[in-house]
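The following briefing is meant to be read alongside the sequence and the structure shown here.

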Protein chains: 2
Amino acid sequence: MPKRLTLATAAFAAALAAPAYAGIGPQITNFTLSNGLEVVVIPDHRTPVVTHMLWYKVGSADETPGKSGLAHFLEHLMFKGTAKNPAGRFSEVVATIGGQENAFTAADYTGYFQRVPRDKLQTMMEFEADRMTGLVLTDEVVRPELDVVLEEQNMRVANNPAARLGEQMDAALYLNHPYGRPVIGWRHEIEQLDREGALEFYRRFYSPNNAILVVAGDVTPEEIRTLAQEIYGKVPRVAEIKPRVRPQEPVQEAARTVTLADPRVTQPSLSRYYLVPSSTTARAGESEALDVLSHILGHGANSRLYQTLVVDKAIAVSAGAGYDGTAVDNTRLSVFATPKPGTSLPQLEEAVDAVLADLVANGVTAEELERSKSHMIANAVYANDNQRMLAQWYGASLATGTTVEQVRAWPDRIALVSADAVRDAARRWLDKRRSVTGYLVKDTRHEEKRS
Amino acid sequence: MPKRLTLATAAFAAALAAPAYAGIGPQITNFTLSNGLEVVVIPDHRTPVVTHMLWYKVGSADETPGKSGLAHFLEHLMFKGTAKNPAGRFSEVVATIGGQENAFTAADYTGYFQRVPRDKLQTMMEFEADRMTGLVLTDEVVRPELDVVLEEQNMRVANNPAARLGEQMDAALYLNHPYGRPVIGWRHEIEQLDREGALEFYRRFYSPNNAILVVAGDVTPEEIRTLAQEIYGKVPRVAEIKPRVRPQEPVQEAARTVTLADPRVTQPSLSRYYLVPSSTTARAGESEALDVLSHILGHGANSRLYQTLVVDKAIAVSAGAGYDGTAVDNTRLSVFATPKPGTSLPQLEEAVDAVLADLVANGVTAEELERSKSHMIANAVYANDNQRMLAQWYGASLATGTTVEQVRAWPDRIALVSADAVRDAARRWLDKRRSVTGYLVKDTRHEEKRS
């Protein structure tokens with residue numbers, strides 16, 4: 001679901017639904033270095049391994065209009081070396097020691113991570129601190145990397161009708177806010193990105209006072225404090241960071257539809273996005289209610305949508321819903337369904353709307369409320385066993401304006417969500433005037449012409 | 001039709017369809033002062049009156065995202081006085097001498113005009129040159145004027161369901177380009193506009209090298225050259241003006257709809273916007289073909305849409321089309337129809353689509369081509385008799401990248417449009433994937449609840 005996170009791996013997206021459980025998870029420590037770098041330490045002593053993540057509080061929503069794709073392009077360019085470490089050396093070292101690495105860009109943040117044996121943490125920190133301000137870019141490395149990014153856009157979007165529809169739906173959902181543009185960028189704008197623009201963006205946003213270091217694994221807060229101060233503490237603040245004030249949405253008052261027809265579509269589908277508050281913009285308890293609402297509506301085979309459309313009416317092969325609450329600004333709650341052969345998209349949409357209308361009118365049952373909440377809280381507890389998911393969850397939350405304490409207390413807040421709160425959230429936010437409905441259909445015009 | 005021009009008076013919109021006729025109109029002279037001010041002189045000696053217009057090549061599409069409405073707000077603030085001329089004096093003088101004045105803001109330009117006896121031209125120039133760089137703004141005048149603008153937004157947009165639908169359609173038509181936001185601004189952003197922002201915008205864009213002076217009336221080029229040099233020539237260049245490079249549209253590949261339901265709607269209606277080239281972005285001849293196409297399709301009672309929907313099928317009370325070619329970037333061709341009672345919007349849309357499909361498939365007849373072209377050229381010839389329309393036409397054209405010679409030759413280019421060119425333009429640009437369809441409907445939910 002989280003289209004704004006398409007550039008992260010699939011596992012990251014799952015992590016967003018699986019936060020820590022207050023009081024049960026590891027003792028998390030956080031502090032800030034004198035140069036402004038926030039540090040989060042998540043102890044996990046089961047294996048002598050560490051996850052080292054550096055998050056920058058900058059993403060595609062912070063790009064200058066007309067330069068979409070720049071945050072993601074810079075993420076690629078961050079592997080091009082510094083005066084101290086030539087291009088490729090960092091990745092080579094990670095590979096040699098049997099580590100894993102990755103990087104990801106989203107609307108609100110950009111992150112770099114390595115998972116390595118614990119005795120290599122210092123090396124990772126040295127590499128990461130070095131490229132925080134030391135990146136060296138030449139046209140020789142920038143041009144070919146642009147081709148790599150364009151090919152990525154080809155593969156992920158241009159040749160993927162569902163992804164293209166998602167882009168067009170985001171553009172229609174957001175009338176004014178930069179979440180309306182794709183994280184990977186509009187192709188015609190990616191093509192114009194260059195070295196100077198990337199360096200300017202880098203100098204403006206890559207600075208210790210705009211970053212969060214998350215270290216999870218077989219470490220203690222004390223050693224991380226010492227190590228981080230010694231290595232990252234030397235990196236000077238190079239930029240003054242302004243508050244992230246993006247253009248906000250006007251009152252949304254007109255339901256939209258977007259239809260994408262493509263000859264390659266083998267399975268038509270229906271999607272709906274609603275513009276809703278994020279955990280950062282919501283009133284107290286409302287983001288949690290939306291989380292529970294989306295769970296009851298569309299998470300798994302017990303959900304309303306699945307039970308009604310797939311099981312009872314047997315008009316859909318799949319159906320579900322999701323809520324992407326980890327965002328600086330207003331986000332979306334999405335609903336989707338794919339029809340069985342013989343069911344048209346308008347028929348399917350009518351059935352989806354009936355499920356939503358029933359929930360708005362009659363609320364949820366005590367039984368489904370408890371089942372969903374238990375499931376969500378259990379997931380959060382299990383997430384404590386997954387070092388990388390936990391690091392991801394804290395990083396993404398802190399990068400979008402949530403505190404460590406708020407993340408820890410999330411299960412407690414979920415436990416407090418009442419049936420009334422879920423119904424109220426449905427009434428307030430499942431408002432078609434704040435929505436866009438997407439139709440993915442097979443384009444049969446070519447065949448018609450042939451006959 | 002030209003929603004982007006809503007802040008200009010209705011007469012101006014009409015003028016855009018009525019350019020000069022080459023070789024027949026007045027001898028137009030144009031030159032540039034050493035400080036960069038372009039000057040256009042349009043002699044018209046029938047009455048001892050002059051139209052004095054100053055155009056700035058800046059409009060709502062040049063605003064910083066998040067500050068929508070600033071160009072228009074500044075237009076209002078331009079009447080707040082200078083060190084030399086306190087607030088109100090300029091307007092008072094115009095009124096005292098029996099003149100008229102107005103100002104207007106569009107996506108691509110902002111203009112100020114007075115129509116006065118010819119012996120008062122120098123006075124107008126002095127006032128206008130004075131406020132080009134001499135504006136003085138205090139919070140005492142800015143705050144109340146913001147309330148005036150908010151009330152204007154209330155009247156023109158908030159309380160006008162059709163205008164609100166138009167805003168939402170523009171936002172859906174433009175996925176990336178600033179033409180997607182309203183000229184008057186999004187209300188929540190207008191509310192945040194302030195003195196500092198207005199002054200910054202003013203200093204950035206109000207400079208002789210970013211302006212066009214148009215003088216039409218009982219004057220000679222020689223006297224205007226002398227007068228303009230003497231008065232406007234003294235105004236220093238205060239800003240370096242960068243090329244107007246706005247974020248452009250990605251490939252449009254998904255048809256959109258927007259539905260606005262409001263209890264106050266008494267007459268439902270259907271609109272369709274297509275994203276098409278403007279006279280500035282089109283290939284040679286294509287903008288003229290689009291002009292003829294929109295005329296054949298929807299101008300007057302002989303047009304295809306009117307004949308089919310209102311006369312033959314009798315399912316609509318009105319129907320038409322328009323093309324707004326005077327724009328820096330890609331613009332729109334619009335189609336509209338209002339149903340007779342008993343006709344649903346989907347039925348009406350099907351009939352509209354049939355008219356468009358027929359034109360795309362079979363092109364236009366020689367007879368309708370000639371009739372439309374003659375009508376358009378005749379309109380252009382008649383426009384030569386309207387001093388203000390002519391001044392408006394030249395000003396808007398020059399402010400959006402067209403030359404005086406191109407404006408003059410427009411009727412000749414229209415005369416050259418072939419039936420094939422019209423059909424080709426229809427085939428290429430009446431593509432639903434590049435369109436948004438708007439439905440304005442009565443919201444009956446309240447009544448349903450009552451029953």
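In chain A, strand E3 (residues 49-56) and strand E5 (residues 110-117) pair in the antiparallel sense over 8 bridges, and within this pairing Met53(A) stands opposite Phe113(A) in E5(A). The model is a predicted one, and the points below should be read with that in mind.

**The sheet of chain A**

- E3(A) and E5(A) belong to an open sheet of 6 strands, whose order in chain A is E1-E2-E6-E3-E5-E4 and whose pairing is mixed.
- Strand E1 (29-32) and strand E4 (100-105) of chain A stand at the edges with a single partner strand each, so one side of each is left without a neighbour in the sheet.
- On average, and with direction ignored, neighbouring strands of this sheet are turned by 15 degrees against each other.
- E1(A) and E2(A) form a hairpin with 5 residues between them, and in its turn Gly36(A) has a positive phi of about 100 degrees.

**Helix packing in chain A**

- H2(A) lies across E4 and E5 of chain A and runs at about 160 degrees to E4(A).
- Helix H2 (residues 70-77) of chain A also packs with helix H8 (residues 195-205) of chain A, at an angle of about 90 degrees and with the axes 10 Å apart; H2(A) and H8(A) are therefore roughly perpendicular to each other.
- In this contact, Leu70(A), Phe73(A), Leu74(A) and Leu77(A) of H2(A) meet Gly197(A), Ala198(A), Phe201(A) and Tyr202(A) of H8(A), and the residues of the contact divide into 7 nonpolar, 1 polar and no charged.
- Another helix pair is formed by helix H10 (residues 286-298) and helix H13 (residues 366-383) of chain A, whose axes come within 9 Å and cross at roughly 110 degrees; H10(A) and H13(A) are therefore roughly perpendicular to each other.
- Here Asp291(A), Val292(A), His295(A) and Ile296(A) of H10(A) make the contact with Glu368(A), Ser372(A), Lys373(A) and Met376(A) of H13(A), and these residues divide into 3 nonpolar, 2 polar and 3 charged.

**The nonpolar core**

- In soluble globular proteins, nonpolar side chains tend to be buried together.
- The largest nonpolar core holds 260 residues, of which Val214(A) and Val214(B) touch the most other members.
- When residues up to four places away in sequence are not counted, Val214(A) touches Val40(A), Ile42(A), Met53(A), Trp55(A), Ala391(A), Tyr394(A) and Gly395(A).

**The sheet of chain B**

- Chain B has an open sheet of 6 strands in the order E1-E2-E6-E3-E5-E4, again with mixed pairing, and its edge strands are E1 (29-32) and E4 (100-105) of chain B, each of which pairs on one side only.
- Neighbouring strands of this sheet are turned by 15 degrees against each other on average, direction ignored.
- Strand E3 (residues 49-56) and strand E6 (residues 211-217) of chain B pair in the antiparallel sense over 7 bridges, with Met53(B) opposite Val214(B) in E6(B).
- Helix H2 (residues 70-77) of chain B lies across E4 and strand E5 (110-117) of chain B, running at about 160 degrees to E4(B).

- Asn30(B) is found in strand E1 of chain B, and it counts as partly exposed because it has 18 C-beta neighbours inside 10 Å.
- Leaving aside neighbours within four places in sequence, Asn30(B) is in contact with Glu38(B), Val39(B), Val40(B) and Val404(B).
- Although Asn30(B) and Val214(B) are 184 residues apart in sequence, they are 9.1 Å apart in space, C-alpha to C-alpha.

**The contact between the chains**

- Chain B and chain A each give 26 residues to the contact.
- On the side of chain B that touches chain A, helix H6 (161-173), helix H7 (187-190) and strand E7 (255-262) of chain B each supply at least two residues, and E7(B) gives the most, with 6 residues.
- The residues of that side of chain B divide into 13 nonpolar, 7 polar and 6 charged.
- Strand E7 (residues 255-262) of chain A pairs with E7(B) in the antiparallel sense over 5 bridges, and the bridge partner of Thr259(A) in E7(B) is Ala255(B).

Key: Residues numbered from 1 in each chain as written. Chains lettered and ligands numbered in written order. Predicted model: local features only at pLDDT ≥ 70, side-chain atom pairs only at ≥ 80, totals over all residues. Core = buried A, V, L, I, M, F, W, Y, C linked by C-beta atoms within 7 Å. Buried ≥ 20, exposed ≤ 12 C-beta atoms within 10 Å, placed from the backbone. Contact = placed C-beta atoms within 7 Å. Pairing = 2+ DSSP bridges. Helix = DSSP H or I, 4+ residues; strand = E, 2+ residues; numbered from the N terminus. Axes fitted to C-alpha atoms, helices over the stretch in contact; angles between N-to-C directions. Nonpolar A, V, L, I, M, F, W, Y, C, P; charged D, E, K, R; others polar. Parallel < 35°, antiparallel > 145°, perpendicular 65-115°, else oblique.
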